[in-house]
Amino acid sequence: MAIDESKSSHHTGGVDSHAESADYLAKRQLKGGTAGWLLLAGLGVSYVVSGDYSGWNFGLGHGGFGGLAIAAVIIAAMYLCLVLGMAELSSALPAAGGGYTFARRALGPWGGFATGTAILIEYSIAPAAIATFIGAYVESLNLFGITDGWWVYLVVYMIFIGIHLSGAGEALKVMFAITAIALVGLVIFAITAIGHFEIGNLTDIAPTDAAGSSSFLPFGYIGIWAAIPFAIWFFLAIEGVPLAAEETADPERNVPRGIIAAISVLLITCVTVLFLTTGAGGAGPMSESGNPLVEALGDSSMAKVVNYIGLAGLVASFFSIIYAYSRQLFALSRAGYLPTVLSVTNRRKAPTLALIVPGIIGFLLSLTGKGDLLLNMAVFGAASSYVLIMVSHIVLRRREPDMKRPYRTPGGVATTGFALVVAVIAVIATFLVDVVAALCCLGVFALFMLYFALYSRHRLVANSPDEEFAALAEAEDDLR
């Protein structure tokens with residue numbers, strides 16, 4: 001979109017911004033008041049529930065049961081602290097940018113764009129990984145005689161992007177129903193798996209010669225570190241709940257309630273799935289399975305039921321993360337960090353190109369069929385964003401102690417400081433799993449930052465909501 005040079009503009013912090021017209025913003029409006037805290041809790045669980053059905057189990061091949069279990073405890077604690085920190089930030093800064101909004105206020109435009117970019121990498125790649133898992137489930141059910149996954153990838157992208165284009169309210173309600181079915185599937189699995197559980201299955205991977213190796217830690221101490229990216233899959237993307245802030249009724253109250261309720265459910269499902277799947281199916285066989293919950297139950301009628309419902313779980317996360325990437329891209333585009341055409345909404349107030357463009361990219365990535373590789377790439381983006389978001393919480397607590405915070409993080413900066421340390425460790429761990437995948441993500445991240453440095457930092461939209469939050473902080477600083 002061409003910039004009207006007659007518009008008021010100013011230069012600060014190494015960037016140039018200008019005020020856009022009311023018509024510009026009118027074409028980039030989301031539908032407010034769509035969701036309450038219960039729908040947000042469902043959204044948070046929906047983002048993640050596919051991680052219970054597939055993906056986490058590849059960590060057994062890197063750390064064994066012991067390594068993955070210890071990694072899961074560390075990561076669960078990190079996510080709990082992360083969520084408590086984000087609950088505070090989302091109550092104070094309720095806008096569609098989520099992590100970008102928080103970092104923009106705390107770290108300036110460079111930090112805000114870096115955070116938004118990391119989140120966008122995560123959310124663009126995660127659906128591609130989930131699509132490959134959906135393909136594995138469809139093939140195992142022999143649905144429609146499909147044996148080549150790319151047809152599945154194409155169909156799910158087309159159907160669920162289409163539903164999102166019909167509007168947020170309709171999409172969130174469909175998502176909530178699918179998520180409820182997925183949770184019922186986990187209950188059915190847990191009840192059935194208890195009868196197949198054998199304690200020896202947890203440690204059936206032979207110890208290696210790595211330092212500290214044992215039947216509990218077959219890959220030694222380093223296996224704990226290597227398992228961290230896969231433990232993250234139990235919780236990956238829950239941080240997307242604040243992206244629904246502009247479409248939520250009373251966001252200052254409902255976003256914190258929703259995200260905390262979601263993490264409470266996910267902590268329970270993480271423990272249940274990790275122990276019962278490994279104990280029923282064996283660490284070795286499960287470490288290579290595309291549909292571990294089904295294979296853990298063997299050839300039984302309940303396995304077939306869980307297989308069908310597992311497909312619903314994967315669809316739920318695929319569906320909801322499409323929502324997340326569209327809102328993150330929408331916010332960055334509306335503020336001028338990325339091409340502004342990407343944030344134009346349709347008559348149902350859904351951002352059309354912000355839904356379609358990452359969908360095309362994700363579909364092309366899914367054609368690799370490398371779910372574990374894509375998972376690691378998504379984790380790199382996620383963990384990088386966690387580092388920046390937790391830094392933002394700490395900076396805002398120190399710099400703006402009087403900021404209105406309807407919800408305050410228990411433990412304050414000590415809580416988010418712990419999450420920050422673990423997130424740094426997680427970023428490094430992605431290089432242990434697959435250095436090429438991590439470097440590819442780093443390269444994409446660098447290209448985004450180069451685009452900002454050379455082009456978009458001179459074209460920011462000062463009166464977009466996220467930029468206005470930051471401008472308010474700057475004005476308050478000037479007064480002080």
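A crossing of two helices is called right-handed if the near helix is turned clockwise from the far one by less than a right angle, and left-handed if anticlockwise. The close-ups below come from a predicted model.

**View 1. Helix α6 meets helix α12.** Here α6 (residues 150-165) passes α12 (residues 301-334) in a right-handed crossing. Their axes come within 10 Å and cross at roughly 55 degrees, which makes α6 oblique to α12. On the α6 side, look for V156, Y157, F160, I161, I163 and H164; they meet V315, F318, F319, I322, Y323 and Y325 of α12. Sorted by class, this contact has 11 nonpolar residues, one polar and no charged ones.

**View 2. Helix α5 alongside helix α12.** The contact of α5 with α12 has 25 nonpolar, eight polar and one charged residues.

**View 3. The largest nonpolar core.** This core has 132 residues, and Y53, Y79 and I134 are the ones with the most contacts inside it. Helix α4 (residues 60-92) gives the most to it, with 17 residues. Zoom in on Y79 and, leaving aside residues up to four places away in sequence, you'll find it touching I232, F235, L236, I238, E239, I263 and Y386.

How values were computed: Residues numbered from 1 in each chain as written. Predicted model: local features only at pLDDT ≥ 70, side-chain atom pairs only at ≥ 80, totals over all residues. Heavy atoms only, no water. Axes fitted to C-alpha atoms, helices over the stretch in contact; angles between N-to-C directions. Helix = DSSP H or I, 4+ residues; strand = E, 2+ residues; numbered from the N terminus. Parallel < 35°, antiparallel > 145°, perpendicular 65-115°, else oblique. Contact = heavy atoms within 4.5 Å. Nonpolar A, V, L, I, M, F, W, Y, C, P; charged D, E, K, R; others polar. Core = buried A, V, L, I, M, F, W, Y, C linked by side-chain atoms within 4.5 Å. Buried < 20%, exposed > 50% of the residue type's maximum accessible area, 1.4 Å probe, protein only.
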